[in-house]
Amino acid sequence: MAAERSTADILDAAVHVREAARSAASGATGVDTVLAALTEVIEYDHASLARWDPLRRCHTTLAGTYPDDATAYIETRLHHDPVFSVLRSPARGGLWLRDVPRHLLAASPGFQEVLSPLGIEDGVAQCLFAADGRYVGMLNVSTRRPRRTPDPARAAVTLLTETLTAAVAPRPGPPPEEPAATDTAVTAPVAPARRPGGLSPRELQVLAELTTGRTNREIAERLYITPRTVGTHIEHILAKLGLPNRAAAAARAAAWGITPSD
């Protein structure tokens with residue numbers, strides 16, 4: 001079992017998420033790097049960052065690891081879910097699953113039809129708002145393991161709201177609108193890419209970096225994590241893929257066409 005992370009570790013990881021979000025907001029990297037960095041703050045089984053699309057009147061997933069049906073729900077039905085009307089208030093902050101009233105969970109198709117079948121026991125849904133109060137998108141994080149209380153990761157996610165908003169907000173253009181309760185127009189969701197080898201988003205990033213021959217320290221600097229964390233990810237990659245060393249992992253990545261994003 002992994003050692004319990006200290007508050008200092010989580011806060012340090014939150015700084016890395018902020019840096020990744022700023023990079024994504026500038027267009028230098030993809031939003032997937034933000035979700036990957038977020039795994040160091042809160043270990044999740046599924047997560048997504050979605051942007052509210054005012055033209056299609058639904059959410060568009062920018063990066064995510066949920067199964068296709070869950071992604072479809074987030075994109076086309078979540079803004080009609082009774083839980084959404086509670087968490088969409090700008091003053092609310094994130095809504096953690098353990099804090100949702102039982103009667104609301106019972107009435108939520110999102111929980112009953114999507115999260116519960118996945119075995120989800122905890123997580124957070126965080127609506128993201130621009131400085132002027134405009135709704136621009138949301139973060140969804142789900143885990144099968146209940147989190148401890150008190151949990152510094154909860155505070156860290158709240159503190160990251162502004163930088164996550166910047167990463168999700170669209171580039172300058174027509175201002176997005178807040179979803180209305182009467183919205184009914186939806187379009188087909190975009191299915192998330194399949195993850196080869198059962199690797200996590202962060203493990204895929206590390207695997208891609210191995211094709212360049214970079215050291216653990218160099219990979220750590222590029223991905224905003226520690227060299228020790230890189231080493232741990234490489235150990236997991238080798239175990240999951242049944243490979244003997246990083247050279248074999250690099251060869252497998254090349255065969256799959258996995259390369260760094262830049």
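**Close-up views of salt bridges**

**View 1. Glu209 and Arg222 form a salt bridge, with 2.9 Å between the closest N and O atoms.** The model shown in this and the following views is predicted. The pair links distant parts of the chain: Glu209 belongs to helix α9 (residues 201–210) and Arg222 to helix α10 (residues 216–223), 13 residues apart. Glu209 is buried, its relative accessible area being 4%. Arg222 has 28% relative accessibility and counts as partly exposed.

**View 2. Arg98 and Asp122 meet through their side chains in a salt bridge (3.0 Å, N to O).** Here too distant parts of the chain are linked, the two residues being 24 residues apart. Arg98 sits in the loop between β3 (95–96) and α5 (102–106), while Asp122 is in strand β4 (residues 122–129). Asp122 has a relative accessible area of 2%, so it is buried. Arg98, at 32% relative accessibility, is partly exposed.

**View 3. Asp45 and Arg144 form a salt bridge, their closest N and O atoms lying 3.2 Å apart.** The two residues are 99 residues apart and link distant parts of the chain. Asp45 is found in the loop between α2 (32–38) and β1 (46–53), and Arg144 in the loop between β5 (135–143) and α7 (152–159). With a relative accessibility of 37%, Arg144 counts as partly exposed.

**View 4. A network of salt bridges links Asp45, Arg144 and Arg145.** In total, the structure holds eight salt bridges.

Definitions and conventions: Residues numbered from 1 in each chain as written. Predicted model: local features only at pLDDT ≥ 70, side-chain atom pairs only at ≥ 80, totals over all residues. Heavy atoms only, no water. Salt bridge = Lys/Arg side-chain N within 4 Å of Asp/Glu carboxyl O. Helix = DSSP H or I, 4+ residues; strand = E, 2+ residues; numbered from the N terminus. Buried < 20%, exposed > 50% of the residue type's maximum accessible area, 1.4 Å probe, protein only.
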